[in-house]
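Please consult the sequence and coordinates alongside each answer.

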Amino acid sequence: MELWQQMIRDSIHTVDQLVEKFELDRSVAEQLDEFFQARINPYYLSLIRYPGDPIWRQCVPDKIELEDIDGVEDPLNEDEMSPVPNITHRYPDRCLFLVTSQCGMYCRFCTRKRKVGDSDKISMKSFESAFAYIEQHTEIRDVILSGGDPLMLTDYLLERILKRLREIPHVEIIRLGSKMPCVLPHRITPKLCEMLKKYHPIYVNTHFNHPWEITPESTKACAMLVDAGCPVNNQAVLMKGVNDDPAVMKELMQKLLKIRVRPYYLFMADETKGASHFRTSVEKGLEIIDKLRGHTSGLAIPHFVIDAPGGGGKIPLLPKYILHQDEDKMILRNYKYDHYVYKEPKSVIEKTISPNKVEIEISPGNGKIKEPHKLKKLKEVRIPEYAMND
Ligand code: SF4
């Protein structure tokens with residue numbers, strides 16, 4: 001047995017362990033176990049610094065989960081968009097292939113908790129129909145292995161899947177959606193990396209949510225994957241009490257870049273049953289992006305998205321940078337809230353033919369107003385009208 005498998009075996013997962021370790025009331029622990037089982041491996045457990053901290057909140061069951069009766073079992077409508085078992089086909093050229101129900105840790109906010117941990121709901125028995133679907137759908141050029149966590153499979157089983165996918169000519173890219181580099185980095189072994197190298201291009205999308213998850217162990221795991229030729233991207237979830245703070249998020253994104261992991265997405269938390277206590281306002285997410293963009297490298301800034309309820313896919317959100325737009329120009333603000341005018345090409349041409357007065361309308365009182373170089377010759381700059389933060 002490999003070390004990571006032993007650590008899975010040594011995880012906290014029974015009602016007795018929950019009662020003993022986290023002082024949960026037994027009947028609450030039983031209800032939580034029934035709702036969504038726990039799995040906290042010794043490595044992730046060691047990252048907890050105090051009860052209720054950002055690591056604790058992600059992994060330790062909490063009775064507040066049982067109060068959330070309005071949440072949805074399948075907020076992203078994945079089951080409706082599943083043409084055959086194990087496949088979700090939402091976007092034109094890519095599909096999700098669920099290959100296991102198991103994870104290195106069971107996250108309390110998981111969107112897929114209706115299936116995760118239950119091998120009847122994500123079964124290997126239906127792999128053949130999944131492969132057949134991918135073979136028949138020549139528009140699928142990108143297959144994302146997920147679950148559960150595909151790195152919970154043994155190297156042998158994972159290689160069989162990769163090999164089979166590589167026999168399908170139209171599958172150009174394979175992605176592994178895995179939280180293991182974060183929650184159980186010991187899974188990333190030299191043997192696994194040697195195997196992955198044979199099936200490139202393989203991308204790894206991982207899932208760090210807090211800077212404390214970046215440790216010598218997770219740093220090493222990510223380095224091994226990158227050195228094996230797998231670009232590693234991060235998909236974080238914005239969560240109350242975990243990372244809903246611009247300083248924490250900036251530290252996370254900068255530390256990810258240092259370990260060669262590219263921040264890719266920051267998701268608003270889904271409307272998942274039992275997880276509403278993690279949800280923040282959209283405004284909080286916009287504030288975080290506003291405090292990242294321009295204040296640190298663009299490489300450190302993820303796409304901030306809502307995975308649309310009902311299966312609409314990812315919808316990007318941006319703070320308001322366009323303050324005014326008409327057919328001639330845009331008035332923009334930068335990260336310091338200075339204002340700039342960007343002229344549309346058509347208006348540039350018109351001015352060459354017949355130079356004319358340009359009026360810029362800027363509201364009073366909100367931030368300082370900087371005159372861009374190209375406007376120095378303008379005859380008039382007026383100040384009324386748009387509201388900067390509307
Ligand atoms: S690793 Fe992913 S699939 Fe598994 S419990 Fe966590 S969020 Fe859910």
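Q: Where is the place of P201?
A: This is a predicted model, in which local features need pLDDT of at least 70, side-chain atom pairs count only at pLDDT 80 or more, and totals for chains, interfaces and linings use all residues. Residues are numbered from 1 along each chain as its sequence is written. The peptide bond from H200 to P201 is cis, with omega near 0°. P201 lies in the loop between helix 9 (190-196) and strand 5 (202-206).

Q: Is T154 buried or exposed?
A: T154 sits in the loop between strand 3 (142-146) and helix 7 (155-166); helices (H or I, at least four residues) and strands (E, at least two) are DSSP runs, numbered from the N terminus. A residue is buried if 20 or more other C-beta atoms, placed from the backbone, lie within 10 Å of its own, exposed if 12 or fewer, and partly exposed in between. Because T154 has 12 other C-beta atoms within 10 Å, the residue counts as exposed.

Q: What separation do the C-alpha atoms of T154 and L192 have?
A: Along the chain, T154 and L192 are 38 residues apart. Their C-alpha atoms are separated by 9.0 Å.

Q: Is N86 buried or exposed?
A: N86 is in the loop between helix 5 (54-59) and strand 1 (87-91). Although not a glycine, N86 has a positive phi of about 80°. Because N86 has 25 C-beta neighbours inside 10 Å, this residue counts as buried.

Q: How many C-beta neighbours does R260 have inside 10 Å?
A: R260 is placed in the loop between helix 11 (246-258) and strand 7 (261-268). R260 is not a glycine, yet has a positive phi of about 65°. R260 counts as partly exposed because its C-beta neighbours inside 10 Å number 14.

Q: At what angle do helix 2 and helix 3 pack?
A: Axes are lines fitted to C-alpha atoms, for helices over the stretch in contact, and angles run from 0 to 180 degrees between N-to-C directions. Angles under 35 degrees count as roughly parallel, over 145 as roughly antiparallel, 65 to 115 as roughly perpendicular and the rest as oblique. Helix 2 and helix 3 are therefore oblique to each other. The axes of helix 2 (residues 15-22) and helix 3 (residues 26-35) are 9 Å apart, and the packing angle is about 130°.

Q: Which residues of helix 11 and helix 12 make the contact?
A: The axes of helix 11 and helix 12 (residues 282-292) come within 9 Å and cross at roughly 55°. Helix 11 and helix 12 are therefore oblique to each other. Two residues are in contact if their C-beta atoms, placed from the backbone, lie within 7 Å. The contact is made by P246, M249, K250 and M253 of helix 11, with E287, I288, K291 and L292 of helix 12.

Q: Which residues surround the ligand?
A: A residue is near a molecule if its C-beta atom, placed from the backbone, lies within 6 Å of it. The surrounding residues are C103, Y106, C107, C110, R112, V116, G148, D149 and K179.
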